[in-house]
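Colleague: Could you walk me through this one while I have it open on the other screen? I'll jump around a bit.

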Amino acid sequence: MIRDPEIINDVLIKEFASFPDRGIYSDFSVNPLSNNLFFMENPQWKTIRSKLSPAFTSGKLKNMYNQMKECGDILMKNIDILREKNNEIEVRDILGKYATDVIGACAFGLKLNSINDDQSKFRKYGKSIFTPSIRALFRELCLMINPSLLRVIRVKDFSTEATEFFHRVFKETIAYRLENKIVRNDYVDYLLQARKDLVLNPNLPKHEKFTETQIVANAFVMFVAGFETVSTTVSFCLYELALNKSIQDKVREEIQLKLSQNDGQIDNALLMDLNYLDMVIAETLRKYPPLVALFRKASKTYQVLNDSLEIEKGQKIIILVYALHYDKQYYTDPEKFIPERFLPEEKAKRPSGIYLPFGDGPRICIGKRFARIEMKLAIVEMLIKFEVFPCAKTEIPLRYSNKVLTLMPKHGIWLTFKKIN
């Protein structure tokens, strides 16, 4: 267990060559969709990462904006409809639908309409993957305590039904693109290029070849990671803004000022210019990091600099992100929601290696910038139309489910929306 910021930086960044893999076990014969960017080890991880990273350049993200905006408009209409029925809204659910539609449209060219379709299979099976269960908890505890148990028991990462659904849908999406020669310059196009280079290329040595299933698995991981982290983070953000009305008003004030300077248009440039909102999202990710811990495995024996400690080859390492984010040594009053912690001058006072919501180094989250734009758009759209308040169902403080090792509110996040005239 590593707590020292300097060693954390060494493991994640400076000495990455000694710690390139997460060391999280998954039996790919039982869990074919887990054979993806998140679980893969070097050199396969490096190969596929280099093929898929160009899908998330700033230029590509600008091109996705209009599709995100369409999903945001539908989200606003849905909030209005829900308000008329009963103005106590479980925000994780509606934001989960929004994020499902965004990732479907921007990354895969699929018009899912999860926000309006309660029977959406994408939403149903996507949600099921992150629903707390004893099976999921047992698997995660095995990973932490004795991964070899998983080799014997062969516990599945996801339900058979969900695995079969996503496997079929993404295979069909890829086949449809190929058959109809559709080019959208999106994530699927980069997957198709990776397939051409790594699966179909006859000149590749056998040990460097990928499989068709690995291409599908990398479509799957982008989908599930894309909707869950965004919807949960925005929900936690709204929760904090509802409890801290002065901060909510300050965010809205910044948005309205920038809108007045931009002819009232919400566009990519405006979102990039919202500095206080950036700080609010950063503080949300500090209090509620998507992953509470990071894992690495030593690929070779490593001597810690200026220390007698030697990390042996094969040694598993855990970096406790949640603990670092709440460490009073680095964050005064860590339980309080204080966006000003992320002013440039405040950040400069802290060491690097103690704020890791997306990880760090070469294995940092590939969709980090995509997620930020998606989050900012949803928050901006909501705050210019609504004020957000706690309601009778709002849990203060939040309690988390004890059936998963991630931060998942046990009873949801319930808030009320008041329309701004």
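Colleague: Where does asparagine 306 lie?

Modeller: Asparagine 306 lies in the loop between strand 3 and strand 4 (310-311), where helices (H or I, at least four residues) and strands (E, at least two) are DSSP runs numbered from the N terminus. This is a predicted model, in which local features need pLDDT of at least 70 and side-chain atom pairs count only at pLDDT 80 or more, while totals for chains, interfaces and linings use all residues. Residues are numbered from 1 along each chain as its sequence is written, and side-chain values use heavy atoms, with hydrogens and water left out.

Colleague: And is asparagine 306 buried or exposed?

Modeller: Asparagine 306 is exposed, at a relative accessible area of 74%; the classes are buried under 20%, exposed over 50% and partly exposed in between, computed with a 1.4 Å probe on protein chains only. Its phi is near 55°, a positive value in a residue other than glycine.

Colleague: What about phi of asparagine 185?

Modeller: Phi of asparagine 185 is near 60°, again positive in a residue that is not glycine. Asparagine 185 sits in the loop between helix 8 (160-180) and helix 9, and it counts as partly exposed because its relative accessibility is 42%.

Colleague: Okay, which peptide bond is cis, with omega near 5°?

Modeller: That is the bond from asparagine 42 to proline 43, and proline 43 belongs to the loop between helix 1 and helix 2. The bond from isoleucine 396 to proline 397 is cis too, with omega near -5°, and proline 397 is in the loop between strand 6 (386-390) and strand 7 (414-419).

Colleague: Back to the loop between helix 1 and helix 2: why does arginine 22 count as buried?

Modeller: Arginine 22, which is in that loop between helix 1 (5-14) and helix 2 (44-52), counts as buried because its relative accessibility is 11%. Leaving aside neighbours within four places in sequence, arginine 22 is in contact (heavy atoms within 4.5 Å) with Phe38, Phe295, Arg296, Lys297 and Arg363. From arginine 22 to methionine 40 the C-alpha to C-alpha distance is 8.2 Å, with the two 18 residues apart in sequence.

Colleague: And the helices on either side, starting with helix 1: which of its residues are buried?

Modeller: The buried residues in helix 1 are Pro5, Ile7, Ile8, Asn9, Asp10, Val11 and Leu12. That is seven of its ten residues, so helix 1 is largely enclosed by the rest of the structure. Its buried residues are covered by elements including strand 2 (294-297), strand 3 (302-303), strand 5 (316-319) and helix 14 (321-325).

Colleague: Then what do the buried residues of helix 2 pack against?

Modeller: They pack against helix 9 (187-198) and helix 10 (212-243). The residues in question are Trp45, Ile48, Arg49 and Leu52.

Colleague: Switching topic, which residues touch the most other members of the largest nonpolar core?

Modeller: Leu95, Phe108, Phe166 and Phe223 do, out of 104 residues in that core, where a nonpolar core is a set of buried Ala, Val, Leu, Ile, Met, Phe, Trp, Tyr and Cys residues joined through side-chain atoms within 4.5 Å. Helix 10 gives the most to this core, with 17 residues. Apart from it lies another core of 19 residues, among them Ile7, Ile8, Leu294 and Ala298.
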